[in-house]
Amino acid sequence: MQRNNFSWPVRVYYEDTDAGGIVYYANYLKYFERARTEWLRALGVEQDIWLRQHVAFVVTDVQMQNKRAAKFNEQLTVLSEISSLKRASLIFKQEIYNALQQLVCSAEIKVACVDPQQLKARSIPAEIIEVLTRVR
């Protein structure tokens with residue numbers, strides 16, 4: 001893991017594809033989500049623990065561009081970085097590459113911190129801000 005970039009491998013499963021063996025576009029969002037979750041986990045931010053403290057992260061905006069098709073059984077790499085960190089939200093820049101290092105899909109994903117019981121925005125806890133600031 002580089003200072004501000006996290007890499008996560010993803011294998012394309014049959015269930016991720018349409019009848020022609022091409023990844024269904026919405027599954028790229030799942031790959032991006034997995035990479036963000038694993039990055040936080042690698043940084044020591046366990047979301048299940050924070051959920052018990054009424055801290056959750058929800059996607060509020062997605063800008064995604066599909067560049068080329070990924071196919072069944074391909075090995076992909078998801079790169080993630082934080083492009084913006086605010087008091088109650090952050091923006092991830094994420095890209096998916098194939099084994100030939102060709103860009104498959106890119107996205108900017110805005111994530112907000114919320115209290116899941118009240119369904120209201122809240123500040124990102126200082127402990128999480130501190131961790132995220134170090135990798136920015």
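Gln 101 sits in the loop between S4 and S5; helices here are DSSP runs of H or I with at least four residues, strands are runs of E with at least two, and both are numbered from the N terminus. Its phi is near 65°, a positive value in a residue other than glycine. Most residues other than glycine have a negative phi. Gln 101 counts as exposed because its relative accessibility is 59%; the cut-offs are under 20% relative accessible area for buried, over 50% for exposed, and partly exposed in between, with a 1.4 Å probe and protein chains only.

A second residue belongs with it. Leu 119 has phi near 55°, again positive and again not glycine. Leu 119 lies in the loop between S5 and strand S6, which covers 120-121. With a relative accessible area of 71%, Leu 119 is exposed.

A word on the model. It is predicted, so local features need pLDDT of at least 70 and side-chain atom pairs count only at pLDDT 80 or more, while totals for chains, interfaces and linings use all residues. Residues are numbered from 1 along each chain as its sequence is written, and side-chain values use heavy atoms, with hydrogens and water left out.

Now the fold as a whole. The protein chain has three helices and six strands. From the N terminus on, their order is β-α-α-β-β-β-β-β-α. The radius of gyration is 16 Å, close to the 14 Å from the globule rule for 136 residues, so the chain is as compact as a globular protein of that length. That radius is taken over C-alpha atoms, and the rule is 2.2 Å times the number of residues to the power 0.38. The C-alpha trace spans about 45 × 30 × 25 Å along its principal axes.

Next, the inside. Buried residues are 39% of the 136 in the chain. What touches the most other members in the largest nonpolar core? Of its 33 residues, Tyr 28, Tyr 31, Phe 32, Ile 82, Ile 96 and Leu 132 do. Such a core is a set of buried Ala, Val, Leu, Ile, Met, Phe, Trp, Tyr and Cys residues joined through side-chain atoms within 4.5 Å. Elements that each supply at least two residues include strand S1 (6-11), helix H1 (26-42) and helix H3 (126-135).

Leu 132 touches Leu 40, Leu 43, Ile 82, Leu 85 and Leu 90, leaving aside residues up to four places away in sequence; contact means heavy atoms within 4.5 Å. Among contacts between residues at least 6 apart in sequence, 69% join residues at least 24 apart.
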